[in-house]
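Reader: Got a structure to go through with you. Can we take it topic by topic?

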Amino acid sequence: MAPSVPRTRAAAALRMKQIAIDNQDRTIRCLRAQLATERRGLATTKKELEDTQVDLEASHKVIAGLTEIGLSMSKKIERMKVKKQKVRANHVECHQKFQARIHEAEDSMQAQHLLIEALVDEKDSLLQTIHGLQEANNAPAPFDDEWEEEPEEEPEEEEIEDIPLGEGEIDDK
């Protein structure tokens, strides 16, 4: 018999059990290696998840800050719109007041123009009456059609005299 051949059934069964245990041992080592690899992968994934969570929290803070800024800007815009409407309303009111003043001034100027025309007509009528009376009395005409206008005097501007320093002080006693 060859030395590698098992001599008895018990030895063969023992050898089969040893091979099975060796195979299980190899499988266990292989599974442990896979488990270690999976744990390392899981640890990496967990670290990435934590980093992502930190990034997400930071993003939420930024979004909250931007939302707050946006709300603040919206409020400011609304206040500016209200202010703009008030300014526009004030402008319209002022414009209407100025238009009323302009119409009032135009009406006043028109009334003055009519008054001046009436006075000129009355002056012409009075001059005709005077000429008629003078012709009836054979008196010389005191008025010519040529009027000598007196030059208008321009008011002199008051000069402010220079007061030297130290003079003209007010004494409160």
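Reader: How many salt bridges does a search of the whole structure find?
Author: The search finds 4 salt bridges. The cut-off is a side-chain nitrogen of Lys or Arg within 4 Å of a carboxyl oxygen of Asp or Glu. This is a predicted model: local features need pLDDT of at least 70, side-chain atom pairs count only at pLDDT 80 or more, and totals for chains, interfaces and linings use all residues. Residues are numbered from 1 along each chain as its sequence is written, and side-chain values use heavy atoms, leaving out hydrogens and water.

Reader: What distance do you get for D51 and K47?
Author: Their side chains meet at 3.4 Å, N to O. D51 and K47 are 4 residues apart in helix α1, so about one helical turn separates them. Helices here are DSSP runs (H or I, at least four residues), numbered from the N terminus.

Reader: And E78, which partner does its side chain meet?
Author: K81, at 3.9 Å, N to O. That pair is 3 residues apart in helix α1, again about one helical turn.

Reader: Switching topic. How many disulfides?
Author: The structure holds 0. The test is a pair of cysteine sulfur atoms within 2.5 Å. C30 is partly exposed at 43%, and C94 at 32%.

Reader: What is the secondary structure of the chain?
Author: The protein chain has 1 helix and 0 strands. Buried residues make up 1% of its 173 residues.

Note on methods. Buried means under 20% relative accessible area, exposed over 50%, partly exposed in between (1.4 Å probe, protein chains only). Helices (H or I, at least four residues) and strands (E, at least two) are DSSP runs, numbered from the N terminus.
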